[in-house]
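We will go from stop to stop, each time with something to select and something to look for.

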Amino acid sequence: MRTIRFLLFKEFRQIFRNRAILPLIFVVPIVQLIILANAATYEIKGLKLYWVDHDLSASSRLLYSKFEASSYFEITGTGFDKRAGEAALMRDQADILLEVPSNFERDLMREGSAGIQLLANAVDGVKAGLGTAYAQAVIGGMNVQLLSEQRLPALPTAGGRPAKLDITFSNWFNPHLDYKTFMVPGILALLVTLIGSFLSSMNIVREKELGTIEQINVTPIRKYQFIVGKLMPFWIIALFELAFGLVIAKLLYDIPFVGSLWLLFGFAGLYLLVVLGIGLFISTITETQQQAMFVSWFIMMIFVLMSGMFTAIENMPGWAQQITYLNPIRYFIEVIRMVMLKGASFNDIQWHVGVMAGYALVINALAVWNYRKRLS
Amino acid sequence: MNPAIQISGLSKHYGELQALQSVDLSIAPGELFGLIGPDGAGKTSLIRILATLLLPTEGTASVLGKDVVKHYRFIRRNMGYMPGRFSLYYDLSVEENISLFATIFGTTLQENYELVREIYSQIEPFKDRKAGALSGGMKQKLALSCALIHRPKVLFLDEPTTGVDAVSRREFWGMLQNLKAHGITILVSTPYMDEAGLCDRIALIQKGNILAVDSPGGIVSQFERPLYAVRAADKYHLLKSLRSYPYAHSAFSFGDSIHYTDQRGAFAPESLLTYLEGQGVKDAQIEPIQAGVEDCFMALMQRHETSH
């Protein structure tokens, strides 16, 4: 015990002397929370729309005014020639081209339906998808208006939604659908993961690189003492980062925290055992800090992109959803959102706790086993 | 008396490469033993096996009567090891490094101050300086202090004087002599032949084979042939001419001269001078000299290579 305490002391001393790491511990959470929380939003505003009108009727003017009124669109060009619109699309002067055919109003009145063509620049798939969805919503809004004014025969429209049905909804746990409320817990999860995996693996590999591990290996220090001494500081620092990040989140964005703080930190402590285990495992398969950095980066990249932070897991194809069950970040992001925003209790996250405990056991056993094997 | 270090039939292979080939060696307690050989001879492999950092492929080795594989814990508590590369914490101060290793071994600097005093007192004025900011000689003293902090009975030093200036080297060997007086068995490896004379006994090692084990005087007395130093302005041409001389036994370049031995029992230096003049070396000088450890090493190496 005395040895471990002394090793911890030594590690902290070295970490606090490291001129690169110490400022990073404080700068990273602030930068991530300020920049990422504001930048990473799914909302798209000011889509550039090119308007081609062959009809020039009251109905097409009505539709035009609806697009003009929407904050999602900005009409950057109008014309009568579809080719001019296509050229604008090519030059990135427009994201979406909307073409109203001639006889639009006549068809609408006579047959109760008329076609409109939407062309979207899908180089950015998310933008194109959201853009057409927004456009459909605007067009749907016009349908409803036309129906209620009885300018159209009361038939189910192309959307299949009877006009009389009125839907009201409310967003629980995030009433204003604020993306920050949704993103900040995810960013905090990333922060904890970053510290746990990168720093811990590099810290052990550094001893290999400098040769100090050689001198430590010939002492009576037991392997477990060395490993605990190496990983524990990052366990503590990562939990500190979580607390620090939560304070910033509260001060800057007033993110609600409905759940139990103890439950969140308890789960974070367990989750960190998994992340530190991964860091330890990486350190057993690498010889230099450069290699460790590269491997950590590769693993983190996949974990982060498949964590459900940027892309909802439900939107992934089935096989990818299966893979996310192997991703520890997925569990942590789910739990941190559940506990912070929904006030989940231990019973609600039982499954997550079980999986993380098993994961921690397996990855650490694997890492220690690999660590021993390499030594002889 | 039981030997402090006993090695028998020890081999180490790294894949195809044979680092050690069936080495036998016995080192008495309190001996200052030198392992002399060029880079890549297997010195580091041998020391790392004895320091319980490497497993031998074949054979056995024991330190203080305990097997290096089975009783590595006992050995680690009772030995000091200084790797060839400085491997203390650069970002910790001199004092912090010392107290780290003292704590690991469950002791304190005060408890063993008397053993390390002579060495540590030289770096004590810099005890708040980071180890990484020390000069080469001071780093070496710090490493030695850390290796001694728990009063080891055996000390393994892997090329401690490589990359250290001549004054610090001499000083370092002086410290080793003093440690010997404390009854510590010391095994030290070095590529420098001139350091061999400072050991009680030496082993000459080459390509994983021990060529000879003896006291430095004993090794030198094994040199059978009269040895001559030959000098000339054009050393390269001289060496080529000597090597092509039909009666030449060996000719090796040493500093500013070439050490030469002849095959014939009765060798007249004048005949060689005449031959050299015929080869175009007009200014050659020749004088008989006393063989050193390096001469013995070269001779043994040559014999070893021709017998294989």
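**A loop in chain A**

Begin with A:Leu56, which sits in the loop between strand E1 (47–53) and helix H3 (58–69) of chain A. Helices (H or I, at least four residues) and strands (E, at least two) are DSSP runs, numbered from the N terminus. A:Leu56 is exposed, with a relative accessible area of 53%. On this tour, buried means under 20% relative accessible area, exposed means over 50%, and partly exposed is in between (1.4 Å probe, protein chains only). The phi angle of A:Leu56 is near 50°, a positive value in a residue other than glycine. Most residues other than glycine have a negative phi.

Before moving on, two notes on what you are viewing. This is a predicted model, in which local features need pLDDT of at least 70 and side-chain atom pairs count only at pLDDT 80 or more, while totals for chains, interfaces and linings use all residues. Residues are numbered from 1 along each chain as its sequence is written, chains are lettered from A and ligands numbered from 1 in the order in which they are written, and side-chain values use heavy atoms, with hydrogens and water left out.

Now select A:Asp92, in the loop between helix H4 (82–90) and strand E3 (96–100) of chain A. Its phi is near 65°, again a positive value in a residue other than glycine. A:Asp92 is partly exposed, at a relative accessible area of 48%.

**Chain B as a whole**

Along its principal axes, the C-alpha trace of chain B spans about 70 × 45 × 35 Å. What share of the 308 residues in chain B is buried? The answer is 53%.

Contact here means heavy atoms within 4.5 Å. Of the contacts in chain B with a separation of 6 or more, 68% are between residues 24 or more positions apart.

**A bridge between the chains**

Bring chain A back and select A:Arg13 and B:Glu96, whose side chains meet in a salt bridge (3.2 Å, N to O). The pair crosses between chains, from helix H1 (residues 2–17) of chain A to helix H3 (residues 94–104) of chain B. A salt bridge is a side-chain nitrogen of Lys or Arg within 4 Å of a carboxyl oxygen of Asp or Glu. Side chains of opposite charge can pair when their charged atoms come close. Is B:Glu96 buried or exposed? B:Glu96 is buried, with a relative accessible area of 13%, whereas A:Arg13 is partly exposed at 28%.

**Helix H3 of chain B**

**B:Lys141 and its neighbours**

Move to helix H5 of chain B and select B:Lys141. This residue is buried, with a relative accessible area of 9%. B:Glu171 forms a salt bridge with B:Lys141, and their closest N and O atoms are 2.8 Å apart. B:Glu171 lies in helix H6 (residues 166–181) and B:Lys141 in helix H5 (residues 136–148), so the pair ties together parts that are 30 residues apart in sequence. B:Glu171 counts as partly exposed, at 35% relative accessibility.

Leaving aside neighbours within four places in sequence, B:Lys141 also has contacts that include B:Ile119, B:Ile123 and B:Met175.

**Two last bridges**

Select B:Arg201 and B:Glu31, whose side chains meet in a salt bridge at 2.4 Å, N to O. The two are 170 residues apart: B:Arg201 is in strand E9 (residues 201–206), and B:Glu31 is in the loop between strand E2 (17–27) and strand E3 (32–36) of chain B. B:Glu31 counts as buried at 10% relative accessibility, while B:Arg201 counts as partly exposed at 24%.

Finally, return to chain A and select A:Lys10, A:Glu11, A:Glu207 and A:Lys230, which are linked in a network of salt bridges. How many salt bridges does the structure hold over all chains? The total is 24.
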